[in-house]
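Here's a quick briefing to read with the structure open beside you. Take a look at the picture, then work through the points topic by topic.

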Amino acid sequence: MMYIDPHIHMVSRTTDDYKRMALAGCALVSEPAFWAGFDRTGAEGFRDYFRQLTEFEPKRAQLYGIEHASWLCINAKEAENVSLARDVIALIPEFLDRPGVLGIGEIGLNKNTRNEATVFLEHLDLAARTNELILVHTPHLADKLPGTRMILDMLRDDRRIAPERVCVDHVEEHTIRAALEAGHWVGMTLYPITKCTPARAADLVETFGADRIMVNSAGDWGHSDPLAVPEFIFEMTRRGHDPALTRRVVLENPLAFFRQSARFRVPASLAHMHR
Ligand SMILES: [Zn+2]
């Protein structure tokens, strides 16, 4: 089954991963800007990173027949440094008209601090002024529920932001309902240990249906699996679900969400899809 991985950090994966993903049916990846595993020393480091995301990585993906899209921001972890964050936010607009850029992300909270919230709101303002889609990272473990509540409140309070133009990512059993009820799209991240497993994601689709739900690997430099979306497809098939239901989650939903960006072009490999 052809699929999209709507959240994966390919800068930290190998070309062998691209090849295995292509063999597994991956047509498109979308790559949010994130923490590199170390704090960068200044905004210029982010300019190079945004060039990597918008120039180098799409070419590398293309070698394997995979389309590459990206999201730009300063991640919640480095956003604790508000003055650095403001310098980075100031340089994002020069990249926003580049092909394949889908919007602002993954913005969000990490430890739910005041500084992180300040920078989150300034990203929302940038997205509202430039009419960009938004991809939101929700925090880990014990910080997830309070952080998700803070994020949903901030999104609701900015009247310029249409809920259907936001994807709230890394939802789990205790946060998915609130994000869906607020009118957002949601992403379930399939991790080998933390976050959601393929089986838990299948349970959630059985519980909530497939409307506005996507799954992703969030593959990065840590313990993660770039083939997590095919694992989900395998789990859904094993449970006897209609392939049309699975296809909505892994293909049609991310396409429908991305199509709200004026710059998004449907990959040639998916051109037969009209929804
Ligand atoms: Zn991520």
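**Two helices side by side**

Ala-43, Phe-46 and Arg-47 of helix α2 meet Leu-84, Asp-87, Val-88 and Leu-91 of helix α3. By class, that contact brings together 5 nonpolar and 2 charged residues, with no polar ones. Keep in mind that this is a predicted model.

**How α2 and α3 cross**

- Two packed helices are described by the angle between their axes and the distance between the axes.
- Here, the axes of α2 (residues 43–62) and α3 (residues 82–91) come within 9 Å and cross at roughly 40°.
- The crossing of α2 past α3 is right-handed.

**A closer look at Val-88**

- Val-88 sits in helix α3.
- Is Val-88 buried or exposed? With 28 other C-beta atoms within 10 Å, Val-88 is buried, because 20 or more is what it takes to count as buried.
- Setting aside neighbours within four places in sequence, Val-88 is in contact with Ala-43, Phe-46 and Ile-74.
- Val-88 and Met-2 are 86 residues apart in sequence, and their C-alpha atoms are 35 Å apart in space.

**The sheet as a whole**

- Now for the sheet: 8 strands form an open one, in the order β1-β2-β3-β4-β5-β6-β7-β8, with parallel pairing.
- β1 (3–5) and β8 (213–216) stand at the edges with a single partner strand each, so one side of each has no neighbour in the sheet.
- From one strand to the next, the twist averages 25°.
- Helix α2 turns up again here, packing on the sheet and touching β2 (26–32), β3 (67–72) and β4. The direction of α2 makes about 170° with that of β3.
- Helix α8 (residues 228–238) lies across β1 and β8, and runs at about 135° to β1.

- β1 and β2 pair in the parallel sense over 3 bridges. Tyr-3 has Cys-26 in β2 as its bridge partner.
- To get from β1 to β2, the chain goes through helix α1 (residues 15–23), and this β-α-β crossover is right-handed.
- Next along, β2 and β3 pair in the parallel sense over 5 bridges. Pro-32 has Trp-71 in β3 as its bridge partner.
- β2, α2 and β3 make up a right-handed β-α-β unit.

**Around β5**

- Strand β5 (residues 133–137) is mostly covered, with 5 of its 5 residues buried.
- In a regular strand the side chains alternate between the two faces of the sheet.
- Which residues of β5 lie on each side? Leu-133, Leu-135 and His-137 are on one side, Ile-134 and Val-136 are on the other, and all are buried.
- On the β4 side of the pairing, 5 bridges join strand β4 (residues 101–108) to β5, and the two run parallel. Gly-103 stands opposite Leu-133, while Gly-108 stands opposite His-137.
- β4, helix α4 (residues 114–130) and β5 form a right-handed β-α-β unit.
- As for β6 (residues 166–169), 4 bridges join it to β5, again running parallel. Ile-134 has Val-166 in β6 as its bridge partner.
- The chain crosses from β5 to β6 through helix α5 (residues 144–157), in a right-handed β-α-β crossover.

**Backbone spots to look up**

- A cis peptide bond joins Gly-105 and Glu-106, with omega about -5°. Glu-106 belongs to strand β4.
- Asn-131 has a positive phi of about 55°, although it is not a glycine. You'll find Asn-131 in the loop between α4 and β5.
- Asn-131 is partly exposed, with 14 other C-beta atoms within 10 Å.
- Ala-218 isn't a glycine either, yet has a positive phi of about 45°. Ala-218 is in the loop between β8 and α8.
- Ala-218 counts as buried, with 27 C-beta neighbours inside 10 Å.

Definitions and conventions:
Residues numbered from 1 in each chain as written. Predicted model: local features only at pLDDT ≥ 70, side-chain atom pairs only at ≥ 80, totals over all residues. Buried ≥ 20, exposed ≤ 12 C-beta atoms within 10 Å, placed from the backbone. Pairing = 2+ DSSP bridges. Right-handed = clockwise from strand over helix to strand, strands pointing away. Axes fitted to C-alpha atoms, helices over the stretch in contact; angles between N-to-C directions. Left-handed = near helix turned anticlockwise from the far one by under 90°. Contact = placed C-beta atoms within 7 Å. Nonpolar A, V, L, I, M, F, W, Y, C, P; charged D, E, K, R; others polar.
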